[in-house]
Amino acid sequence: MSCTEIIAEYGLRSLGFGERLLPRSDFTLCHQFTLIGSGLIWNIYFGVLALTFGFFLATGLALAKAADNPLIRKPAEWFIFVFRGSPLFIQFFLAYEALVMLPRAGVNIFGLTVQTSWVTSAWAGALFVLFLNTAAYSAEIFYGALRSVPKGDIEAADAYGLTGWHKFRRVLWPTMLRLAWPAYTNEAIFLFHATTLVFFSGFPAYQQRGDALYYAKFFADKTFNPFIPYPIAAFYFICITLALIGLFGVINRRLNRHLPQAHRPRLRIRPQIIR
Amino acid sequence: MKKLILTTAALALCTGFAMADTVRMGTEGAYPPYNFINDKGEVDGFERELGDTLCEKAGLTCEWVTNEWDSIIPNLLSGNYDTIIAGMSITDERMETIAFSQNYYPPAASAYVAMKPDADLTGVVAAQVGTIQADYVAKSGATLLEFATLDDTVAAVKNGEADAVFADKDALAPFVTEGGEMGWAGADVPLGGGIGIGMRKSDTELKGKFDAVITEMKADGSLNTMIKKWFGDDAATF
Amino acid sequence: MFATCTDPSQLEGLSWLLCYLTSGKHMLFYGSFLVVLALMLITAPVALAFGFGGALAARSHITPLRWLGKGYTAMVRGVPDIVFFLFVPVALDQGLEYIRHLWKCPPTGQPVWANGEFNVCAAAKIPLSTSPQIWHEAYGFALAVVAFSVVFGAFAANVLYGAMNAVPRAQLETAEAYGMTHRQVSRRILIPQMWTYALPGLSNLWMILIKATPLLFLLGVEDIVYWARELGSTKSQIYAYPHPDWRVWYFLGLLCYYLAMTRVSEIVLSRLTAKLSRGQATMAGEAQRKMAGGAGA
């Protein structure tokens, strides 16, 4: 079988297209590259969606944590503490166990039957956990940035007569983002790395549709040779990391476009938040 | 894959220092009544008793080690332990990578268990990853849902994630007889060529020893007695 | 454990629970908490040493060494940690056994990796298959420590590299003005002063290390996750203490354990930070000075 045929058959295997059975006897380099790459689709899916949704929840949580009213502040503080203080691995497991307790037939809300059976599948359940998790980590970053917004900026906004939503949208939020961006870039990188945990606890692989590490482990177990599949997976993740650094760097330049060239903070990638 | 090993506080039969002939017995420890970890934290079950008897008769010193099911063959091959005695059916596919002793348990039936007897066996079926049953389901046209342990597969049926679970009949039996809510579904499926001890292909000497002792135990009926003790009087015997 | 526990099937309610929670298997479960603690306490200094080496290499004047140091940190940053956890112990174990194979085994003429088997002669096994079980466990644990240290060492290298660059240039110049050599400046000023700048990053790393420990079971160590899964799973009548699937309760217990660990670490580390920033030319040190000054006035 030529490599093009293998790509045609297994390229979208992780989504359920193409060959139904995983390879059983021939584990060529092409097979491994194709299947592990196919699994990467899930890592990207989880990473992109969780980051996108998590960004908005994180902004809200950061504001809530900075609020004076304890009724708003306390729940946000607890939410952030629980998700940042416990391993993602255990969060996945508990979330799965909690989700399967939902009644199968669906929940009846005001006469409408809401289907619940889909929430236990990885694409929904694990995404939900990752979303909450990244929201908690990002919220802590945004909260720190919010507290470091220079006093002068706020005074200037007051002097212009900006209040409420306008003050937030025009002054606080952009400054917060600018300050938080380097740390947020790290969060994004480590969130992508965390997506590899999805199929290791709780969530089952439906019809052997797994992520990159699921297939890497499949090959390592079948060929008894860890020296090929894991470096392939590592290679793919290095590519993702480089792409992320590039993308976030572009946004960083845009966020800081008003500053003189020399003052623009360079993105420094530090490992601050892995799970 | 070495040292992906999950050793229990398994007791060395004799305290370990016997020279050459220490055989490390690898098992899963989560597949009652074949093998499980009892409340003292030791490996127990049909295979523990059988293994100890075999080692005693063959004059070997044996030590028990547990390992997760999905990496049990890789760890054997990298020399982490010397045998797999974990309810592993003899199949052609496995024979390509490891050697088996002759079977110590006759070809066993695999069965479906579901919440209702008329469950859709071509729907979503749960199976333990890397088992012959998982293979069978993947080929049967049903939607395979893979889990790391037997317990997870049964849990998936109870919570409705899967329509049925397909596994070794004897291992499923306690869930049916004790749970009450689940029952057998469909007909039994005979799979595999019985259960044997898995070994590295290069360990021909060890294979010879175990084969001889198993033949002896089959002949004098002591193997049948042991099977009946652990699996009940209805169990298939030699 | 207790005399009343000899026949669990006769027990009910609280006394059943008490006997259940003190069974031999549960004792192993409680013991595994110590294993996890030991892993963290051993990994922390080893990883710090790795990090120190990495940071010094990355600052080195020798170009290949600098590339090595920078490559190491960049590598670990780009790749998910579980990939390392799955890969490092296996690679290390096979590598070590292969070296011992070359040294101890008579030449057999057969390749070590053949037909998917990894075959070294009995004398090259680590530990020898005749050695008691405890050595096998200790060896597995040591491999886990190395795997964790490789990953966390890279992170620590990053933090320490940044901290070394953060030490005010003026302090180093003062030392040079006193006639200290390059090595003396490093040893007497740079490294002692670096710690205040490194502490926030290192505390963060400690928190990450705590949260990475559930992955230990992937490395084959019988840790708390292993036992929580084993104890919680459905127990049929064949066991002395039959019960349905209780894994969710065990995992809730683990959740509480990790939250408590995080909280305690936060408190301890914040005290340590306060102590280390005393008299430093940093914002935290400045704030302390102001506080003290205000109280005095």
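Guide: Two strands pair if DSSP finds at least two bridges between them. Keep in mind that this is a predicted model.

Visitor: How many bridges pair strand E8 of chain B with E12(B)?
Guide: E8 covers residues 109–114 of chain B. E8 and E12(B) run in the antiparallel sense. B:Ala109 stands opposite B:Pro190 in E12(B). The number of bridges is five.

Visitor: Which strands are the edge strands of the six-strand open sheet?
Guide: The order is E3(A)-E10(B)-E9(B)-E11(B)-E8(B)-E12(B), with mixed pairing. An edge strand here pairs on one side only. The two are strand E3 (205–206) of chain A and strand E12 (183–190) of chain B.

Visitor: At about what angle to E11(B) does helix H4 of chain B run?
Guide: H4 spans residues 132–140 of chain B. The helix lies across E8, strand E9 (124–128), strand E10 (143–147), strand E11 (164–168) and E12 of chain B. Its angle to E11(B) is about 135°.

Visitor: Which strands of the five-strand open sheet in chain B have one side left without a neighbour, and why?
Guide: The order is E5-E1-E6-E13-E7, again with mixed pairing. The strands at the edges each have a single partner strand, so one side of each is left without a neighbour in the sheet. They are strand E5 (61–66) and strand E7 (99–100) of chain B.

Visitor: At about what angle to E5(B) does helix H1 of chain B run?
Guide: H1 comprises residues 46–58 of chain B. The helix lies across E1 and E5 of chain B. Its angle to E5(B) is about 155°.

Visitor: How far apart are the C-alpha centres of the two domains of chain B?
Guide: Domain 1 is 22–106 + 193–231, and domain 2 is 109–190. Their contact takes 13 residues from domain 1 of chain B and ten residues from domain 2 of chain B. The C-alpha centres lie apart by 24 Å.

Visitor: Is the peptide bond from B:Pro32 to B:Pro33 cis or trans?
Guide: In general, most peptide bonds are trans. B:Pro33 lies in the loop between strand E2 (30–31) and strand E3 (35–37) of chain B. Omega from B:Pro32 to B:Pro33 is near 0°, and the bond is cis.

Visitor: Is H9(A) roughly parallel or antiparallel to H4(C)?
Guide: Helix H9 (residues 229–255) of chain A packs on helix H4 (residues 81–104) of chain C with axes 10 Å apart and an angle of about 155°. Angles over 145 degrees count as roughly antiparallel. That angle therefore makes H9(A) relative to H4(C) roughly antiparallel.

Visitor: What handedness does the crossing of H9(A) and H4(C) have?
Guide: A:Tyr230, A:Pro231 and A:Ala234 meet C:Val83, C:Leu86 and C:Phe87. The crossing is left-handed.

Visitor: How many nonpolar residues does the contact of H2(A) with H7(A) have?
Guide: The axes of helix H2 (residues 29–65) and helix H7 (residues 164–194), both of chain A, come within 11 Å and cross at roughly 145°. The contact includes A:Phe55 of H2(A) and A:Trp173 of H7(A). By class, there are three polar and no charged residues; the nonpolar count is 14.

Terms used: Residues are numbered from 1 along each chain as its sequence is written. Chains are lettered from A and ligands numbered from 1 in the order in which they are written. This is a predicted model: local features need pLDDT of at least 70, side-chain atom pairs count only at pLDDT 80 or more; totals for chains, interfaces and linings use all residues. Side-chain values use heavy atoms; hydrogens and water are left out. Axes are lines fitted to C-alpha atoms, for helices over the stretch in contact, and angles run from 0 to 180 degrees between N-to-C directions. Helices (H or I, at least four residues) and strands (E, at least two) are DSSP runs, numbered from the N terminus. Angles under 35 degrees count as roughly parallel, over 145 as roughly antiparallel, 65 to 115 as roughly perpendicular and the rest as oblique. A crossing is left-handed if the near helix is turned anticlockwise from the far one by less than a right angle, and right-handed if clockwise. Contact means heavy atoms within 4.5 Å. Ala, Val, Leu, Ile, Met, Phe, Trp, Tyr, Cys and Pro count as nonpolar, Asp, Glu, Lys and Arg as charged, and the others, Gly among them, as polar. Domain bounds come from an automatic or database domain assignment.
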